[in-house]
Amino acid sequence: MDDISTMTITFRCPPELEPILPRPIPAVLGLPDWFKTMPQKAFSTVLQTEQMTVKKCPPFIDAMTFGFLIPLIADLRARTACCPGTGIFRRARSRNYSRSPIDFHDNNQVTGTPFYEEDRFLIKIRQFLDLRDAGGLLAAHHPPVQPPRLPFVTLTGLVDADSYCDNFINFPAHWRDTAFNGVLPKGTPVAQCVPVKRDSWTARFGLIEGDAVGRLQELSRAVLEETGVYRRRFRSPKR
């Protein structure tokens, strides 16, 4: 369970942007401040005892620290009186690509979804990066698993990074906090990129029976009576 192979995913940008573009970082290096300062235990008024918080939950931590965080490429100022992402941004172009950090998607592109609102666009968060992988990878882009408090939510997408590797990958997002006034600083994580090995999966349904019943009972009892069972016996490295 401790074996882990190393693969490389390369983020590339135009040469003229190299000095100013913030880099994607391993998600483990971008833990939010609230996670760093939260306690490992908290008192439960219901159970009248101390309980472990999610800071001691390996699946929670592994999901938060897996992959790479994609940063906002510039300070983004938003005011209630403005609609984030309008066509004016599309005029600033150089070398056949827009230089604006924000663009928009027309609302008719999400007709019939929970993201549709009659009088509002979706924003498009631009990234001047393409992806090149070591072979056979998909790249899942979704909101940071345990995100900072953002006024928008990035839509999830799955990109064929092994073939779609010569164009920028941008992120549609739904602006959910219409009362937001302020500045989101350059470098704020707006998406989490998780490399996924290309495989084909099928599903089947079965029963817990025979020796599996005893194993279930034994492990369930151990989890209730001990701390750290999953971490000690089952957790494997993710990076």
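Trainee: How many residues line the second largest pocket, and which lie nearest its centre?

Mentor: The second largest pocket is lined by 14 residues, with Lys-56, Glu-226, Thr-227, Gly-228 and Val-229 nearest its centre. On a 1 Å grid over the protein atoms alone, a pocket is an open set of points with protein on both sides within 12 Å along at least five of seven lines, a cavity is a set where a 1.4 Å probe fits but cannot get out, and lining residues have an atom within 4 Å of a point. Helix 3 (211-225) and helix 4 each give two or more residues to this lining. The model is predicted, so local features need pLDDT of at least 70 and side-chain atom pairs pLDDT 80 or more, while totals for chains, interfaces and linings use all residues. Residues are numbered from 1 along each chain as its sequence is written, and side-chain values use heavy atoms, without hydrogens or water.

Trainee: What is the volume of the second largest pocket, and how do its lining residues divide?

Mentor: Its volume is about 380 Å³, the space filled by probe spheres set on grid points joined across faces, edges and corners. Seven lining residues are nonpolar, three polar and four charged. Ala, Val, Leu, Ile, Met, Phe, Trp, Tyr, Cys and Pro count as nonpolar, Asp, Glu, Lys and Arg as charged, and the others, Gly among them, as polar.

Trainee: Why is helix 2 described as largely enclosed?

Mentor: Because six of the eight residues of helix 2 (58-65) are buried, that is, under 20% relative accessible area with a 1.4 Å probe and protein chains only, where over 50% is exposed and in between is partly exposed. Helices (H or I, at least four residues) and strands (E, at least two) are DSSP runs, numbered from the N terminus. The buried residues are Pro-58, Phe-60, Ile-61, Asp-62, Met-64 and Thr-65. They pack against helix 1 (33-37), strand 17 (189-197) and helix 4 (229-233), with contact meaning heavy atoms within 4.5 Å. Gly-67 follows helix 2, with a positive phi near 85 degrees.

Trainee: In what order do the five strands of the open sheet run?

Mentor: Strands of a sheet pair through backbone hydrogen bonds, parallel or antiparallel. Here the order is 2-5-17-12-14, with antiparallel pairing; DSSP must find at least two bridges between two strands for them to pair. Strand 2 (25-26) and strand 14 (157-159) are the edges, each pairing on one side only. Two bridges join strand 2 to strand 5 (68-71), where Leu-69 is the bridge partner of Ile-25.
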